[in-house]
Amino acid sequence: MDFSKYIQLHIRGLSGQATILKPETFRKIHTPNGKYGFGWSIIQYRGDLISIHNGSAGTFFSIMVIHHRKKRGVVVLTNIGDYPGNRAKKELSKILIEEDI
């Protein structure tokens, strides 16, 4: 599945729209139990809930970020697996999630 469609699916579910899962299921996935939901880190950022899922296999970095209130999602993929790649995905996702588009 394309990452943009995957993140849109989660945003629709969090917005109360039934998709392949019930909205309640998406809310449960993105509700923190401590710091984590089901496969997602959930943080408070400037008073808003943000869901984050990232990963790496050593040769790349990826991050998906969902801003709950803004109903905005960001996917950043890099093909560099060292410090510059990790920093780029963090900085770019932060800029894109904060930007008022």
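This is a predicted model: local features need pLDDT of at least 70, side-chain atom pairs count only at pLDDT 80 or more; totals for chains, interfaces and linings use all residues.
Where does His 10 lie?

Residues are numbered from 1 along each chain as its sequence is written, and side-chain values use heavy atoms, with hydrogens and water left out.

View A. His 10 lies in helix H1; helices (H or I, at least four residues) and strands (E, at least two) are DSSP runs, numbered from the N terminus. His 10 is buried, with a relative accessible area of 5%. Here buried means under 20% relative accessible area, exposed over 50%, and partly exposed in between (1.4 Å probe, protein chains only). Leaving aside residues up to four places away in sequence, His 10 touches Phe 26, Ile 29, His 30, Trp 40 and Ile 66, where contact means heavy atoms within 4.5 Å.

**View B. The largest nonpolar core.** Seven residues make up this core: Ile 7, Ile 11, Ile 29, Trp 40, Ile 42, Met 64 and Ile 66. Helix H1 (3–14) and strand E3 (61–67) each supply at least two residues of this core. A nonpolar core is a set of buried Ala, Val, Leu, Ile, Met, Phe, Trp, Tyr and Cys residues joined through side-chain atoms within 4.5 Å. Apart from this core lies another, of six residues, including Ile 50, Ile 63, Val 65 and Val 76.

**View C. Around Trp 40.** Not counting residues up to four places away in sequence, Trp 40 touches Tyr 6, His 10, Ile 29, His 30, Lys 35, Ser 51, Ile 52, His 53, Met 64 and Ile 66.

View D. E1 and E2 run antiparallel, joined by five bridges; two strands pair if DSSP finds at least two bridges between them. Ser 41 has Ile 52 in E2 as its bridge partner. E2 also pairs with E3 in the antiparallel sense, over seven bridges, and Ser 51 stands opposite Ile 66 in E3.

**View E. Turns with positive phi.** Arg 46 sits in the loop between strand E1 (41–45) and strand E2 (48–56), a hairpin with two residues between the strands. Phi of Arg 46 is near 55°, a positive value in a residue other than glycine, and Arg 46 is exposed, with a relative accessible area of 66%. In the hairpin of E2 and E3, with four residues between the strands, Gly 58 takes a positive phi near 95°. Lys 71, in the loop between E3 and strand E4 (72–78), has a positive phi near 55°.
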